[in-house]
Amino acid sequence: MELERKLCQIFILCLLAAQQSGAEVTQDNTVAASDTSYFFYQDQSYPRDCKDIQDQCSTKNATGAQVIQPDGYDAPFWIFCTGDWTVIQRRSDSLIDFSRGWDEYRDGFGFINANHWLGNKKVAHLTNQKTYELRIDIETESGLTGFISYSGFRIIDEFNDYSLVSVGRSNDTLESTITWCPTNTIPGNCNRCIATCADPSGTVDCSNDCGDIQQTCICPPNYLMDGTNCIRQEDCGCYKEGHGVIADGVSYVAPDCSEQCTCTSGVLTCVSQSCDQDATCKKGNGVRNCSCNEGFEGDGLTCTSIRINRDCYDIMRYVSTESGEYSITPSGWTGRPFNVNCNMTIDGGGWTVIQRRVQTSSRYDFNRDWETYRSGFGSYSRGFWIGNEQLYYLTNQGEYELRIDMVNRYLSAYHAKYDLFRINAESDKYKLSGLGSFTGTAGYDAMTHQHNKYFSTRDRDNDENGNHHCADYYDGGWWYGPSPGKQCYQCVLNYMYYSTYIGFWYYLPGSDYLLYTEMKIRPRGAN
């Protein structure tokens, strides 16, 4: 039978495809004592063939360049193993000339990891130490592959011209003996579980029944079965560069969770994604994905806190140390969570801002009615009041301290701090029922004169001052009431708007008139 041979390999014992670096096959292809320090066997007893190596290293594949010394041979030498098969010839191109003389065929030539002839002298010693099986693998120019095996193979010594004395071919003709494999397949051991484009790991489709067949045609490395053909994995419909083929019905998530790809009926769909700021990209139960951090719940792309943050001090402890706007739910609050501004920098941080005013060229009116002061108004940049109802729940879920930061008309900054601050419910007119000891740089405890006063607005006169409706007169809601030397207040931070001031603090060093105010609270003793 005439064949266009592209590749011909002759093995004794077994064949598996492999490539590794190796030594040149020459008359001097023996192993010096210094070479053995790189070899698995480092004593004076060498294995006789690749089968010996595999047997003595049962947990390791012997494929690659190895050292053996057959019985009666004068020195150990390098060979190439494919599993427990010893390669005696390989030829796949014309780089090595096989038109050689007697001495070269006796001693061997080429490179053991590529095209080579091991050498008749070595083969004779190998095949005369026990019974060997011979296998020849062939690939044609068109890509057709096949193999033929013989049950007994032996040649004798140089005195008898290295005669082939035993082959033991089990069939009479090449045509009935050789097994041909289709294009893109190679001979190999039968495997019941077949890797396919839909099942690249080969763990699902295990319906193949090998029976008594030990050798069959299989897909080579980086090829997968597609129907009855082997194709490159890159040609599978769900191939993802850098990862490989994604099984049908399976999702793949990029190592940084920035992309998720899903294979559906051979079609790959990929979408970009990003983990929530309160989530981490990690692997769990064998699957990588965004996972919400402890204290949060969700799908990892969106996470919400499962703990109730009652104020900005909770936010600082459990969520973030950055100043900004956050959502809180005070104890007892039955409405939806509401947003507050948190100051995380001043005096240890954790402050919930309840009032802020800034004197600017753009007037922002604090002369509002009862309902507006009840629910709150404004914005952090222009000026705001948190809302008396929110302030009641905040200051009654524990003991809170108050800090007031002020800047007077000469741009000098001061602050007043009270170690207790509490207001009563609306039924008690949001009375300022708790105001603790004063400290700070403001010089004078002006706020103490507003202690135990009711809250008043332009439409609710609760100031108990018979001469004035203070909130209406001074255009702002506050805890007004009679005080020494003043009919309505010693301090008022929600004062009428003037082009040169927006608040007043009695006896403040330098000037009583204020250009900036900010009131904030946090749990007492938090710092």
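This is a predicted model: local features need pLDDT of at least 70, side-chain atom pairs count only at pLDDT 80 or more; totals for chains, interfaces and linings use all residues.
Student: Which residue in β19 does serine 251 stand opposite?
Tutor: Serine 251 faces threonine 262 there. Strands here are DSSP E runs of at least two residues, helices are H or I runs of at least four, and both are numbered from the N terminus. Residues are numbered from 1 along each chain as its sequence is written, and side-chain values use heavy atoms, with hydrogens and water left out.

Student: Thanks! How many bridges join β18 to β19?
Tutor: Three, and the two strands run antiparallel. Two strands pair if DSSP finds at least two bridges between them.

Student: And what order do the strands of that sheet have?
Tutor: The order is β18-β19-β20, an open sheet of three strands with antiparallel pairing. At the edges are β18 (251-253) and β20 (267-272), each pairing on one side only.

Student: Switching topic: how many disulfides does the structure hold?
Tutor: Ten, counting a pair of cysteine sulfur atoms within 2.5 Å as a disulfide. One of them links cysteine 197 and cysteine 236, with the sulfur atoms 1.9 Å apart.

Student: Nice, so where do cysteine 197 and cysteine 236 lie?
Tutor: Cysteine 197 is in the loop between β12 (186-189) and β13 (215-218), and cysteine 236 is in the loop between β15 (229-232) and β16 (239-240), so the pair ties together parts that are 39 residues apart in sequence.

Student: Is that link of cysteine 197 and cysteine 236 left-handed or right-handed?
Tutor: Left-handed, with -65° about the S-S bond. Both cysteine 197 and cysteine 236 are buried, meaning under 20% relative accessible area with a 1.4 Å probe and protein chains only (exposed is over 50%, partly exposed in between).

Student: OK, what about cysteine 292, which cysteine is it joined to?
Tutor: Cysteine 303, at 2.1 Å from S to S.

Student: Last one: why is the disulfide of cysteine 312 and cysteine 342 called left-handed?
Tutor: Because the torsion about its S-S bond is about -75°. The sulfur atoms of cysteine 312 and cysteine 342 are 2.0 Å apart, and both residues are buried.
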